[in-house]
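Here's a quick briefing to read alongside the model. Have the sequence and the 3D view open while you go through it.

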Amino acid sequence: MTRRTDALFLAGLLLAAGPAAAQSLSGAREWLPPGSLSLDALSLRPREQQSGGDRHSFYAEYGRLAFRSPLVLGGTARKAGLSCQACHANGFATVDFFIPGLSDAHGRIDVSHAFWNARADDHRDNPLEIPSLRGVKDRDRLGHDRRMASLREFTRRVIVTEFAGAEPEPLLLDALVAYQETLGPADAVDTPVTLAGDLADILRHLETLALPLAEEEAALAEQVATMLRSQLGFIHERLQGEALAPARGIVEAWSRHLGDIARLAAEGDWPQARTALAALKQEVAGPPPALAGAGPASLYNPVRLKAWLAGAQ
């Protein structure tokens, strides 16, 4: 097959089951070949270790959310639910990342292939090692060819040229750069992926939504809310089985609340939008027992996850 035909074949295989999120179990199952999914890769992630403490600017927090959102990229990557976080988990290189036909080893990927962006296809099979972004702020040259001196230029190239994304808004680029600049040099320290940890992350992202509501920026509020809803989706799919239907229902209700907040913002009903956000933050900060206690029965439990993996592969 030609590279163009091969790219279309790959896309058909990966998208046949519909869009999936790179941070999600279904996305990982689709993107990694049979037998390559590991329990550690899905139950552990490197600790983020941001420099500057626990509090950061809106730019850095919005960038942190965007870094985890498939909405930033384009083409096949966006349709398949990939985000920056897929290849650079918390800024570290994702050494388990592998796509048959595009990788020659784990942690390596051909980003100049028609599968990602036909316009950028260099007609060569040249997988490259996924780089770590830790300490990227202090590097004098960026990219595998080391041609770029600007982190902003580098980030734009990844989005637009490598992954066929739309030209990013200046604020989005500012935010992604600000977040990456918080990722100082660090050793990877794996920590368990837990329901409590993911819920804490949702609460943190809700704080990001507060600023566009306070400044009455409807388009930005909608963007943040939409990205947040995709993060809730990653939690939702780990709550499998009839016994966890109540827990899934809570997550679904939260997602609807975010949609309502975006609608209220679009209608200019700012007081009600802010009130709705405050109520949602309170709910997420103290989730009902049906959700808070769902971890052991869910795919956050490594034992259950291992059994799911055995059936999935």
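Where is the place of Asn90? Asn90 sits in the loop between helix 6 and strand 2 (108-109). This is a predicted model, and the protein in it has 14 helices and four strands. Of its 313 residues, 50% count as buried. Among contacts between residues at least 6 apart in sequence, 67% join residues at least 24 apart.

- Some background: most residues other than glycine have a negative phi.
- Asn90 counts as buried because its relative accessibility is 5%.
- His123 isn't a glycine either, yet its phi is positive, at about 60°.
- You'll find His123 in the loop between strand 2 and strand 3 (128-129).
- With 61% relative accessibility, His123 counts as exposed.

**Helix 9 against helix 12**

- The axes of helix 9 (residues 195-214) and helix 12 (residues 270-285) come within 10 Å and cross at roughly 165°.
- That angle is over 145 degrees, so helix 9 is roughly antiparallel to helix 12.
- The crossing of helix 9 past helix 12 is left-handed.
- On the helix 9 side, the contact residues include Leu199, Ile202, Leu203, Leu206 and Glu207, while helix 12 brings in residues including Trp270, Ala273, Arg274, Leu277 and Lys281.
- Sorted by class, this contact of helix 9 with helix 12 has 15 nonpolar, no polar and three charged residues.

**Helix 9 against helix 10**

- Helix 9 also packs with helix 10, at an angle of about 170° and with the axes 9 Å apart.
- Helix 9 and helix 10 are therefore roughly antiparallel to each other.
- From helix 9, residues including Leu195, Asp198, His205, Thr208 and Pro212 take part; among their counterparts in helix 10 are Leu220, Ala221, Val224, Gln231 and Ile235.
- The contact of helix 9 with helix 10 divides into 14 nonpolar, three polar and one charged residue.

**Nonpolar cores**

- In soluble globular proteins, nonpolar side chains tend to be buried together.
- The largest nonpolar core here has 67 residues, and Trp116, Leu209, Leu213 and Leu291 touch the most other members.
- Helices that each supply at least two residues of this core include helix 4 (58-67), helix 7 (151-162), helix 8 (170-180), helix 9 and helix 12.
- Helix 11 gives the largest share of this core, eight residues.
- Apart from that core lies another, of five residues, among them Leu42, Leu299, Trp308 and Leu309.
- Back to Leu213: not counting residues up to four places away in sequence, Leu213 touches Ala221, Ile261, Ala265, Trp270, Ala273, Arg274 and Leu277.

**Ala294, a buried loop residue**

- Ala294 is in the loop between helix 13 (289-292) and helix 14 (302-312).
- At 2% relative accessibility, Ala294 counts as buried.
- Ala294 and Leu244 are 50 residues apart in sequence, but their C-alpha atoms are 7.0 Å apart in space.
- Leaving aside residues up to four places away in sequence, Ala294 touches Leu195, Leu239, Leu244, Ala247 and Pro289.

Terms used. Residues are numbered from 1 along each chain as its sequence is written. This is a predicted model: local features need pLDDT of at least 70, side-chain atom pairs count only at pLDDT 80 or more; totals for chains, interfaces and linings use all residues. Side-chain values use heavy atoms; hydrogens and water are left out. Axes are lines fitted to C-alpha atoms, for helices over the stretch in contact, and angles run from 0 to 180 degrees between N-to-C directions. Angles under 35 degrees count as roughly parallel, over 145 as roughly antiparallel, 65 to 115 as roughly perpendicular and the rest as oblique. A crossing is left-handed if the near helix is turned anticlockwise from the far one by less than a right angle, and right-handed if clockwise. Contact means heavy atoms within 4.5 Å. Ala, Val, Leu, Ile, Met, Phe, Trp, Tyr, Cys and Pro count as nonpolar, Asp, Glu, Lys and Arg as charged, and the others, Gly among them, as polar. A nonpolar core is a set of buried Ala, Val, Leu, Ile, Met, Phe, Trp, Tyr and Cys residues joined through side-chain atoms within 4.5 Å. Buried means under 20% relative accessible area, exposed over 50%, partly exposed in between (1.4 Å probe, protein chains only).
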